[in-house]
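Q: Could you take me through this structure feature by feature, giving the general idea before each case?

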Amino acid sequence: MTSIPRAGVIGNPISHSLSPKLHSYWLKRYGIEGEYTALQVSEDALESTLRDLPKQGFIGANVTLPHKVSVMQFADQITDRATLIGAANTLIFKEDGRIFADNTDGYGFMANVRQGAPDWDPKAGPAAIFGAGGAARAIIVALADAGVPEIIIANRTRPKAEALRADFGARVRVVDWVQADQMLDGANTVINTTSLGMVGAQEFKVSLDALSKDAVVTDIVYNPLRTPFLKAAEAKGARTVDGLGMLLHQGVPGFERWFGKRPEVDDATRAAVLA
Ligand code: ATR
């Protein structure tokens, strides 16, 4: 057994994950002896893997699809934000074998938009969100925490948006997917959390005619980096922030906890991950 601190990302499939590149880059950049690997784990093997990893020198892990929700049942301690979101993406294995679970997706979202649009004021007006999946949940929790006055959600499957309203209350308003373009009128922050626009997925077709040039617009899709949605927003004069930074920033709290150094997200980090 190695004494080098180890961490990794647990998912299924996992080969597409950029996290190994990101954390390995940071380890090298800061001269830290450590290892970060991709761990393909099926649902059936999730619990036994979590019990076994600490014995192999793992001090923590990231968790990605499809395990972000199910991993919660194996955690001994869960942060408030992970509880609110109902999912975890960052685990810390304590020396006594206990598992601490956090969710840093909302943090990653906020840090990315703040870095990409420094004068963004989330309190200045409503946020309009396309989509109501797991990523939308984390983003809603973060936006509510940042004091966004109103959160408007449109999702193809409306009941999923209604469920978010039931969980997060009066500040959330649901509009029909076919009327999604209308929620842009007066929106201060606009976010695509659907997979529309991703390489291999369907196009994002909602009209951005009602978008204000004062809005800040971001996409969680980062392949391609400049999605058609972001390009359309740019054409309307809005400030846009691509989605890669959300992935990079969500990795910061875990890396800091595991390896004792708060890593930077800058152009060099982006270049390393895109290489
Ligand atoms: P994540 O956890 O990354 O948010 P998800 O839970 O699968 O992933 O959510 C994907 C989102 O993209 C959902 O809001 C989904 O809408 P549905 O709830 O109706 O499935 C949205 N989405 C995916 N394909 C879509 C399409 N062709 N048109 C509109 N929305 C789509």
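A: Helices (H or I, at least four residues) and strands (E, at least two) are DSSP runs, numbered from the N terminus. This is a predicted model, in which local features need pLDDT of at least 70 and side-chain atom pairs count only at pLDDT 80 or more, while totals for chains, interfaces and linings use all residues. Residues are numbered from 1 along each chain as its sequence is written, and side-chain values use heavy atoms, with hydrogens and water left out.

Q: Where does Lys68 lie, and which residues does Lys68 touch?
A: Lys68 sits in the loop between β3 (58-63) and β4 (77-78). If contact means heavy atoms within 4.5 Å, then, leaving aside residues up to four places away in sequence, Lys68 touches Val63, Ala87, Ala88, Asn89 and Asp105. The unreviewed UniProt entry lists Lys68 under "active site"; UniProt positions follow the numbering used here, feature names are shortened, and annotations may be inferred rather than shown by experiment.

Q: How should I read the strand order of the sheet?
A: Strands of a sheet pair through backbone hydrogen bonds, either parallel or antiparallel. Two strands count as paired if DSSP finds at least two bridges between them. Here six strands form an open sheet with mixed pairing, in the order β2-β1-β3-β5-β6-β4. Its edge strands are β2 (35-40) and β4, each of which pairs on one side only. Strand β1 (residues 6-11) pairs with β2 in the parallel sense over six bridges, and Val9 has Ala38 in β2 as its bridge partner.

Q: Where are the cis peptide bonds?
A: Most residues other than glycine have a negative phi, and most peptide bonds are trans. In this model a cis peptide bond joins Asn12 and Pro13, with omega about 5°, and Pro13 is found in the loop between β1 and α1 (19-29). A cis peptide bond also joins Leu65 and Pro66, with omega about 0°; Pro66 lies in the loop between β3 and β4.
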